[in-house]
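User: I have a structure open and would like to go through parts of it with you. Can we take it piece by piece?

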Amino acid sequence: MDGPERQESSSVPGSGPVRRRFLGLCAGAGLGAVAACERSASAHRSAAPDARLPETERGRPGTADWRIGSLGAPDAITGYADRVSVTPGEEFGLSVSTTAAAFRISALRVGWYGGKQARRVWFSPRIPGRAQRSAGILSATRTVRADWPRTLTVDTTGWPEGAYLLRLEAESGHQRYVPLVLRSTHGAGRTVLLHAPATWQAYNRWGGLSLYAGSDGSYAGRSLAVTFDRPYDQNGAEKFLVYEWAAVVLAERLGIPLAYTTGTDVHADPGVLAGATAVVCLGHDEYWTPEQRRHVTAARDAGTNIAFLGANTCFRRVRIEASDTGPGRTVVCYKSSYTADPCFPARPALVTTDFRAAPGADPESSLTGVLYEGYPVDAPYVVTAPDHWLYEGTGVHAGEGFGHLVGVEYDRVLPGTAAPGPLEITAHSPLVCDGRRSHGDSAYYTVPSGAGVFATGTMRWVEALMAATGDGSRHHGMDAATRAFVTRTTENLLCAFAQGPAAHHRPAPRPNAAQVYGTASA
């Protein structure tokens, strides 16, 4: 789940000489991590020369002007694509509504680009604008649909694989994004970045309803199914920018071979996972189908490392269904109303509720190693295993904390539950959630295939990559030392996982859940 963040102070407990010393250590050590990562990337490129972003793309100049200058009113300009993703060279359709006389579109590929963080790969001619009709609703599932006619068809020939922001630019000066992934067809030898459009759509309130609330704001009036046949609310790409963008920029800066896909694509076809060195699930990836979960688990069991850079991952079980506009356009999730789901009771494994809940209970911890526990929370991230390879070069000490890094949702290890493999808690953070004391955990485990799995256990991990930089809008009081720690740890993680099954070249986890939790239940 998710919700509005509370107002938080920008001051961080524990600032001072120790924090400045830590920041300096991380800043210098990070250069070594990047150099090691580049050496590893070069080795993999020699073995699989097609398994990388072409150097001509990585070295191209970026575009400084990629952010939105002015949103304007909600109807100033907005739109949606008729595909969640396409492969390079495929066409997709855009449906756009604007109160302006005309508009243009910039296709902006997210990456490092020497610090510019995006590059414009295409710019449309001037397109006449028109205001489209109001949203419609399917009463049976309270599904909001735009159902606008196609405004234009876009040919992606010459566009490299990657995560894109299509910026709609009205002549009035107002702008909004449409997110699009140019997905990879092969992931062998690459780190696969797994984007989460099903979760983006679950929270999307364009037209007044989402999987969380109806037009009156009530849970009872929420949608039971949502569709990609409508724009996203706010700036058009809020969930991508908060929970995914910074991780993409970092991964591209490291130079490791990358592939790009989405959860809805892995649901339909797991081919991109075959032979992948790693799969990276980004900052908020809550809504999974059973098929997606099965395919990612199979990749782990074949030797692909898995990184979970958020919390609340793989919590909701959904179905991806076709609409009259095409396959894969509808996300179904009945949640607590699961007895109204057409799959109940005959097909319990497909009933759309929480993965851990009846009738087809299958807790997410069998994949992630941790369990989602609560919201909202704001707490320091406290390291318990400073000598773990993940924290190499950070200079962190046992018990050292990083203010506000645990939030706004968190996961934990639950002692006594079956672990998917030998599991080590690397951070154990005391917190209070809704008046109850508990802990948030980061955890690392391995499986017989050699694959390593790491879960940060906090939804703010990706946000912290840009903390105290002025980029992004929600840093929750996290400081530069927290950014340095998270950045170096993420570099260590991605560089190690890019080398193949982590158990083959990194120290084994030291099972410690019983020791960390002792006899206490929290």
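User: Which backbone oxygen lies 2.9 Å from a polar atom of the side chain of Arg 319?
Analyst: The backbone oxygen of Leu 350. The Arg 319 side chain also makes a polar contact with the side chain of Asp 341, at 3.0 Å. A polar contact is a pair of N or O atoms within 3.5 Å; within protein, one must be able to donate a hydrogen and the other to accept it, and residues adjacent in sequence count only if both atoms are side-chain atoms.

User: Is Arg 319 buried or exposed?
Analyst: Arg 319 is buried, with a relative accessible area of 11%. Buried means under 20% relative accessible area, exposed over 50%, and partly exposed in between, using a 1.4 Å probe and protein chains only. Arg 319 lies in strand β19, residues 319-323. Helices (H or I, at least four residues) and strands (E, at least two) are DSSP runs, numbered from the N terminus.

User: What else is Arg 319 in contact with?
Analyst: Leaving aside neighbours within four places in sequence, its contacts include Thr 289, Thr 330, Val 332, Cys 343 and Thr 352. Contact means heavy atoms within 4.5 Å.

User: Where do these numbers come from?
Analyst: This is a predicted model, in which local features need pLDDT of at least 70 and side-chain atom pairs count only at pLDDT 80 or more, while totals for chains, interfaces and linings use all residues. Residues are numbered from 1 along each chain as its sequence is written, and side-chain values use heavy atoms, with hydrogens and water left out.

User: What pLDDT does the chain average?
Analyst: The protein chain averages 91, and 89% of the residues score at least 70. pLDDT is the predictor's confidence in each residue, from 0 to 100. Over residues 2-29 pLDDT stays under 50, and the model has 62 contacts beyond four places in sequence for them. Residues 44-52 also stay under 50, with 19 such contacts.

User: New topic: helices. How many residues of α5 are buried?
Analyst: Nine of the 10 residues in α5 (245-254) are buried, so this helix is largely enclosed by the rest of the structure. Among the buried ones are Trp 245, Glu 252 and Leu 254. Gly 255 follows α5 and has a positive phi, near 80°.

User: And how many in α10?
Analyst: There, 16 of 18 residues are buried, and α10 is mostly covered. Helix α10 spans residues 480-497 and reaches 25 Å from its first C-alpha to its last, close to the 26 Å expected at 1.5 Å a residue. That expected span is 1.5 Å times one less than the number of residues.

User: Which residue caps the N-terminal end of α10?
Analyst: Asp 479 does, with a side-chain oxygen 3.3 Å from the backbone nitrogen of Ala 481.

User: What about the phi of Tyr 113?
Analyst: Tyr 113 has a positive phi of about 50° although it is not a glycine. Tyr 113 is in the loop between β4 (102-110) and β5 (118-123), and is buried, with a relative accessible area of 6%.

User: And Asp 147, what is its phi?
Analyst: Asp 147 has a positive phi of about 55°, and is not a glycine either. At 29% relative accessibility, Asp 147 counts as partly exposed.
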